[in-house]
Amino acid sequence: MNPYEAYMKEISQPMREELTNAGFTELTTPEEVDEFISTTEGTALVFVNSVCGCAAGLARPSARESLNFEKKPDQLVTVFAGQDREATSRVREYFEGYEPSSPSIALLKKGQVVHFIPREEIEDHEVEEITQNLKNAYEQYC
């Protein structure tokens with residue numbers, strides 16, 4: 001691992017832990033993504049993590065907060081854009097019809113995207129708005 005990769009891994013570790021401590025499982029390889037998609041029953045929240053400010057101040061807090069409702073996804077997974085590039089690229093292949101976006105949040109049902117929140121619906125929005133967006137999706141699909 002070159003010094004830049006080591007530095008970025010060290011910087012991103014707390015960002016990863018913010019989600020894993022909330023119950024998300026990291027998918028770090030394309031094979032893990034494929035296995036997850038092919039075996040998942042029910043609903044899954046897929047969080048495309050990022051080092052940007054809107055991920056830190058808006059997206060991750062909203063995703064964590066959204067898990068406090070009665071209805072919520074059966075499974076929680078995350079990939080890290082810019083870090084686990086191949087896994088992120090693979091998960092985006094399953095987001096058919098949606099432009100790549102970091103951060104972004106997808107709700108899948110039986111492996112298909114049923115709700116998607118791109119960066120444009122995260123930036124310049126409040127945590128409460130994003131959380132409500134997720135809650136509404138959970139009410140409809142979970």
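The conversation below covers the sheet, the helices packed on it, and a loop residue.

Q: Before anything else, what kind of model is this?
A: It is a predicted model.

Q: What is the strand order in the sheet?
A: The sheet is open and has 5 strands in the order E1-E3-E2-E4-E5, with mixed pairing.

Q: And which strands are at the edges?
A: The edge strands are E1 (25–26) and E5 (112–117), each of which pairs on one side only.

Q: How do E2 and E4 pair?
A: E2 and E4, the latter covering residues 104–109, pair in the antiparallel sense over 6 bridges. Within E4, Leu107 is the residue that stands opposite Leu45.

Q: Which helix packs on the sheet, touching E2 and E3?
A: That is H4 (residues 85–93), whose direction makes about 125° with that of E3.

Q: What about H2, which strands does it lie across?
A: H2 (residues 30–39) lies across E1, E2, E3 (75–80) and E4. Relative to E3, H2 runs at about 155°.

Q: Back to the strands: how many bridges are there between E4 and E5?
A: There are 5 bridges, and the pairing is antiparallel.

Q: How many residues lie between E4 and E5 in their hairpin?
A: The hairpin has 2 residues between the strands. Lys110, in the turn, has a positive phi of about 55°.

Q: Changing topic, what is the span of H3?
A: H3 (residues 53–66) has 14 residues and reaches 19 Å from its first C-alpha to its last. This is close to the 20 Å expected at 1.5 Å a residue.

Q: Where does H3 bend?
A: The bend, of about 30°, is at Ala59, and Pro61 follows within four residues.

Q: Are Ala59 and Pro61 buried or exposed?
A: Both Ala59 and Pro61 are buried. Other buried residues of H3 include Cys54, Leu58 and Arg60.

Q: Now the loop: where is Ser50?
A: Ser50 is in the loop between E2 (43–49) and H3.

Q: Why does Ser50 count as buried?
A: Ser50 counts as buried because its relative accessible area is 8%, and the cut-off for buried is under 20%.

Q: What does Ser50 touch?
A: Leaving aside residues up to four places away in sequence, Ser50 touches Met15, Ala55, Arg60, Phe80, Ser102 and Pro103. Of these, Ala55 and Arg60 are among the buried residues of H3.

Q: And what lies 3.2 Å from a polar atom of the Ser50 side chain?
A: The backbone nitrogen of Cys52 lies at that distance.

Definitions and conventions. Residues numbered from 1 in each chain as written. Predicted model: local features only at pLDDT ≥ 70, side-chain atom pairs only at ≥ 80, totals over all residues. Heavy atoms only, no water. Expected span 1.5 Å × (residues − 1). Bend = angle between axes of the 7 residues up to and from the residue. Buried < 20%, exposed > 50% of the residue type's maximum accessible area, 1.4 Å probe, protein only. Polar contact = N/O pair within 3.5 Å; in protein donor to acceptor, adjacent residues only side chain to side chain. Contact = heavy atoms within 4.5 Å. Pairing = 2+ DSSP bridges. Axes fitted to C-alpha atoms, helices over the stretch in contact; angles between N-to-C directions.
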